[in-house]
There are 2 protein chains.
Amino acid sequence: MAFHYPNGRRFIPRSPEEKHSLPKKESYSNRGKTLEDDLNDTNQYYLVQGIAVIHKKPTPIQIVDVHYPKRSAAVIKEAYFKQASTTDYNGVYKGKYIDFEAKETKSCTSFPLKNFHDHQIEHMNLVIRQGGFAFVIIRFSVTDDIYLMVAEDLFIYWKRMESGGRKSITVQEIEHSSIKIPLGFQPRIDYIKVIDSLL
Amino acid sequence: MAFHYPNGRRFIPRSPEEKHSLPKKESYSNRGKTLEDDLNDTNQYYLVQGIAVIHKKPTPIQIVDVHYPKRSAAVIKEAYFKQASTTDYNGVYKGKYIDFEAKETKSCTSFPLKNFHDHQIEHMNLVIRQGGFAFVIIRFSVTDDIYLMVAEDLFIYWKRMESGGRKSITVQEIEHSSIKIPLGFQPRIDYIKVIDSLL
């Protein structure tokens, strides 16, 4: 039976493991920040420290109607979200082209592949063929476990899905084929350290 | 004395050189396409041919209000254009990080530096320090002359302006410090060929 908060949100009881691990994690706890927030903070830290130049691309938008009021800024009055043809993040680290997508899931047992779309898989494929470094950052929001999986490994699971296999990657598979990124204070998600160990 | 078309647009007589070179250029004439259109076509060609993976970043927008109508796509009802913190184009070519900004001017004598802003100059500086390849593509829309200037050279003119010097780069300076990109059919603006000669 499901319980609900007065605002209608479902009550999800914490597992004993989570309760147990809370005090240890507390100092770096995520306080409701999204993966995107944490990666933006991380990229800002890399930028200021001269470690890497990596930015999130703006959300692609189809603009339909713009008003130009006198003596004030143009206002977009009608626009729609477009599907991105690439991944969200890219940039340069030690001369090398870096390209990645970041996604989080509320599931505790597996990562649904529907978080990515064909265009992005194709884009990562092209990046690799051009000598770039492509990967995904996956976050399990309930446990705050964050992993870096290189695109070549993601392709294996993607192909499995395309050949009629499961539509997600299990936590065990992710643990096996990815590198866990410990959550830190600064930078929050030190993925460059992982890249260093892989390049 | 200036002559005007019936629609009010000013008549600009062609110089003898232009008249002379017209038949040669005709087949590749720009037919009102913008520099952005031509670069998008070029990048698409590079992508399909497996030559490079370079995309224009979406225009950054600050979304203020979004409506979610039932059974149809979300509509952005209020949004504003934001200033970009980076250049517009980036990607990967032979493993190398490529980053550039493209601007055109209607002037025939010089290129105004106000086409770039501080953030972009700073961004290109950081890219170079990180081992990436940064440059600008400049188009004189009247003559359809297109040049590639590496960021290091642009910085010289930028610093001159910051020290109180002229706010533009003369055509002679551009001819001296840039590489001209001939307008082609496919790809339209073959800047990768220029990069090849520089890397």
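User: What rotation superposes chain A on chain B?
Analyst: This is a predicted model, and in it a rotation of 180 degrees, with 0.0 Å of shift along its axis, superposes chain A on chain B. The RMSD of that superposition is 0.0 Å.
User: And what relation is that?
Analyst: That is the relation of a two-fold axis. In general, two copies of a chain are related by a rotation about an axis and a shift along it.
User: Through which surface do the copies meet?
Analyst: They meet through the same surface, because 100% of the interface residues of chain A are also interface residues in chain B.
User: New topic: how many aromatic pairs are there over all chains?
Analyst: The count comes to 21 aromatic pairs over all chains. One of them joins A:Phe111 and A:Phe116, with 5.8 Å centre to centre.
User: How are the planes of A:Phe111 and A:Phe116 arranged?
Analyst: That pair is tilted, with 40 degrees between the planes. Tilted covers the angles left between stacked, under 30 degrees, and edge-to-face, over 60.
User: Is A:Phe111 buried or exposed?
Analyst: A:Phe111 is buried, because its relative accessible area is 0%, and buried means under 20%. A:Phe116 counts as buried too, at 3% relative accessibility.
User: What about B:Phe111 and B:Phe116?
Analyst: B:Phe111 and B:Phe116 form a tilted aromatic pair, at 5.8 Å centre to centre and 40 degrees between the planes. Both B:Phe111 and B:Phe116 are buried.
User: Which residues form one aromatic cluster?
Analyst: In chain A, one aromatic cluster is formed by A:Tyr45, A:Tyr46, A:Tyr89, A:Phe100, A:Phe133, A:Phe135 and A:Tyr191.

Key: Residues numbered from 1 in each chain as written. Chains lettered and ligands numbered in written order. Predicted model: local features only at pLDDT ≥ 70, side-chain atom pairs only at ≥ 80, totals over all residues. Heavy atoms only, no water. Least-squares fit on C-alpha atoms with pLDDT ≥ 70 in both. Contact = heavy atoms within 4.5 Å. Phe/Tyr/Trp six-rings, centres within 6.5 Å; stacked < 30°, edge-to-face > 60°. Buried < 20%, exposed > 50% of the residue type's maximum accessible area, 1.4 Å probe, protein only.
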